[in-house]
Amino acid sequence: MDYLRWNDQIASKFFNPEAAGRRVYLHVTRELIAEIGRDEGIAVPDFVRSVKGGPPWCSGVPLCLRATEAFVGWRKRKVTSKLLFPPYIGFLGLFVLAAGLGEEGEFSVQAYYPRLRKLLGDEESTRPYPHFEEMRELWADLERWSEGDKHGEIGVFESPATGRFVNVGVPISQTILTEQERRDLPLIFVDAGLDAGAPPAESYLASILQEFGVGRLRPRTLRILRDPVAHKEEHEGLLEAVLDELREWDGSVTNETEKGLKKVSVHASLRLCLDEIDKVAGRVALRLRCRTAHEFPEDGLVIRLHSASYRCQEYGGGWSTVLED
């Protein structure tokens, strides 16, 4: 299979009408590559060979420079060559695939560059891969394409900020959580009493995930949380990915009933607000308001506590009016 077919096959797995308006992660795994190549009896080796060659207009320069060649001016090239997707997605998929190799025990999980070199068949080294820092522009352009060119109609990619590990952090962040783990995160948020509008400090978040993630997060994920020193890159990428999910969470949680039906519940928080401060008397007036990232019902909220009921309406910015009985 040539490079552009691999590129489009991978892209279509993530960017499609079913993903409209949702955040997309380029979670490329061995299983995904095997699924794409199953009909032709090919898998990861053929994919790696094709990416090393790149699209037909690329020259024989080092890998990351070929990726840059695939990227530069691609929108103009699209007019004449009928490109369906950005022609550099195959390269980005390869970088993400390398990030997941640590799960198989081939390397210590914090060593990204040795994994990438092993996948490419290069001499093993912990040195940064040549021109790898220039790949940040490709990730940024994928965000521009999904949000600007496509208006989120086939999915939205967001290039995450990854602190000290800015170069390798983006591919790591794409595979650091499985799809099932992402689906289970809202359950952890609810049990821990987290609020999308007030994300906790990273150190506290790590302890929360360890406490409430048992049975919901993979053993590998829990190992990263327990030993941040040994898993520097993954630990930072993992917490950033979870914080991104928390910021986007609208409080909705989907549970399965005993009859196998899906039941959606919405969780919000009550906040004590200093509505009035009387500096002369040395007094403050504390009042309760509801805060949620979810849409308020048109007829307002009714909150029941034991035998008492309280009402509130939407005020703005996710806040309600003061609760009144």
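**Notes on the predicted model**

1. In this predicted model, a nonpolar patch on the surface is formed by Leu-270, Leu-272, Leu-274, Ile-277, Val-284, Leu-286 and Leu-288, which together have about 690 Å² of accessible area. Strand 3 (269-278) and strand 4 (283-291) each contribute at least two of its residues, and the largest share, four residues, belongs to strand 3. Val-284, a residue of strand 4, has a relative accessible area of 48% and is therefore partly exposed, as the value lies between 20% and 50%.

2. Helix 3 (residues 44-53) has as its buried residues Val-44, Asp-46, Phe-47, Val-48, Ser-50 and Val-51. These buried residues pack against helix 1 (3-14), helix 2 (30-37), helix 4 (63-71), helix 6 (89-99) and helix 7 (112-120). Just after helix 3, Gly-54 adopts a positive phi of about 75°.

3. Twelve aromatic pairs are found in a search of the whole structure. In the pair Tyr-112 and Phe-132, the ring centres are 5.7 Å apart and the planes stand at 50°, so the pair is tilted. Because Tyr-112 lies in helix 7 and Phe-132 in the loop between helix 7 and helix 8 (136-149), the pair ties together parts that are 20 residues apart in sequence.

Key: Residues are numbered from 1 along each chain as its sequence is written. This is a predicted model: local features need pLDDT of at least 70, side-chain atom pairs count only at pLDDT 80 or more; totals for chains, interfaces and linings use all residues. Side-chain values use heavy atoms; hydrogens and water are left out. Patches are made of residues with over 30% relative accessible area and no salt bridge: like charges are joined within 9 Å, nonpolar side chains (Val, Leu, Ile, Met, Phe, Trp, Tyr) within 5 Å. Accessible areas come from the Shrake-Rupley method with a 1.4 Å probe; for residues, only the protein chains shown count as cover. A salt bridge is a side-chain nitrogen of Lys or Arg within 4 Å of a carboxyl oxygen of Asp or Glu. Buried means under 20% relative accessible area, exposed over 50%, partly exposed in between (1.4 Å probe, protein chains only). Contact means heavy atoms within 4.5 Å. Rings of Phe, Tyr and Trp (its six-membered ring) pair if their centres lie within 6.5 Å; planes under 30 degrees apart count as stacked, over 60 as edge-to-face and the rest as tilted.
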